[in-house]
Amino acid sequence: LTKPVQDYDLNSLLNKLTGKIAGKRPLLDEAEDTPSPELNRLTVYLRENLTIKHTLESMSGELGIHPKQISRLFTNNLGTTFVAYLTKLRMEEAAKLLKTTMKDIKEISALCGFPDYFYFCRVFREYYGCTPTTFREVGCR
């Protein structure tokens, strides 16, 4: 790393080192399956920062990629929109936390980037077809 250190570069290095220490494949390598280095940066950043409110403009400022380019990267390479991809990441994390922890659903909603608990429950129900409570108890889909 060289000074000044960019957040993305530092997170990537720490992620790689953590993976090596744990003997696991680092998150960055997981995302490198996409055909674009810019898209790799975007997906890794989103996975590592689910709690932050993201918009195309905020991502543009954070990673130095034009908002229209971000939109094109998701559409052309992943066949989805930026918002749909972010929602998918958040819902997968919520499902994992509901199944593997006993954290309160309000806490899980905040950890997954939904400070509004009621909005989280609505989005979760639309995504999985059941409430977070039902999902935790018996599962859905």
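I started my notes at Tyr128, which is buried, with a relative accessible area of 12%. Buried here means under 20% relative accessible area, exposed over 50% and partly exposed in between, using a 1.4 Å probe and protein chains only.

A note on the basis: this is a predicted model, where local features need pLDDT of at least 70 and side-chain atom pairs count only at pLDDT 80 or more, while totals for chains, interfaces and linings use all residues. Residues are numbered from 1 along each chain as its sequence is written, and side-chain values use heavy atoms, with hydrogens and water left out.

**Rings**

Next I looked up the ring partners of Tyr128. Rings of Phe, Tyr and Trp (its six-membered ring) pair if their centres lie within 6.5 Å; planes under 30 degrees apart are stacked, over 60 edge-to-face, and the rest tilted. I found 10 aromatic pairs in the structure. Tyr127 and Tyr128 have ring centres 4.9 Å apart and planes at 70°, so I logged the pair as edge-to-face. Tyr127 is partly exposed, at 28% relative accessibility. For Tyr128 and Phe135, the centres are 5.1 Å apart and the planes at 45°, so that pair is tilted. Phe135 is buried, as is Tyr128. One aromatic cluster is formed by Phe114, Tyr119, Phe120, Phe124, Tyr127, Tyr128 and Phe135.

I then checked for charges over these rings, meaning NZ of Lys or CZ of Arg within 6 Å of the ring centre and within 35 degrees of the ring normal. The charged end of Lys99 sits over the ring of Phe135, 5.1 Å from its centre. Arg90 lies over the face of Phe114, 5.7 Å from the ring centre.

**Helix pairs**

Helices here are DSSP runs (H or I, at least four residues), numbered from the N terminus. Helix α6 (residues 82-100) and helix α8 (residues 117-128) pack at about 95°, with axes 11 Å apart. That makes α6 roughly perpendicular to α8, a label for angles of 65 to 115 degrees. Contact means heavy atoms within 4.5 Å. From α6, Thr87, Lys88, Met91, Glu92, Ala94, Ala95 and Leu98 meet Phe120, Val123, Phe124, Tyr127 and Tyr128 of α8.

**Ser60**

Last, I visited Ser60 in helix α4 (residues 56-63). Ser60 counts as buried, at 17% relative accessibility. Leaving aside neighbours within four places in sequence, Ser60 is in contact with Ile65, His66, Pro67 and Ile70.

Definitions and conventions. Axes fitted to C-alpha atoms, helices over the stretch in contact; angles between N-to-C directions. Helix = DSSP H or I, 4+ residues; strand = E, 2+ residues; numbered from the N terminus. Parallel < 35°, antiparallel > 145°, perpendicular 65-115°, else oblique.
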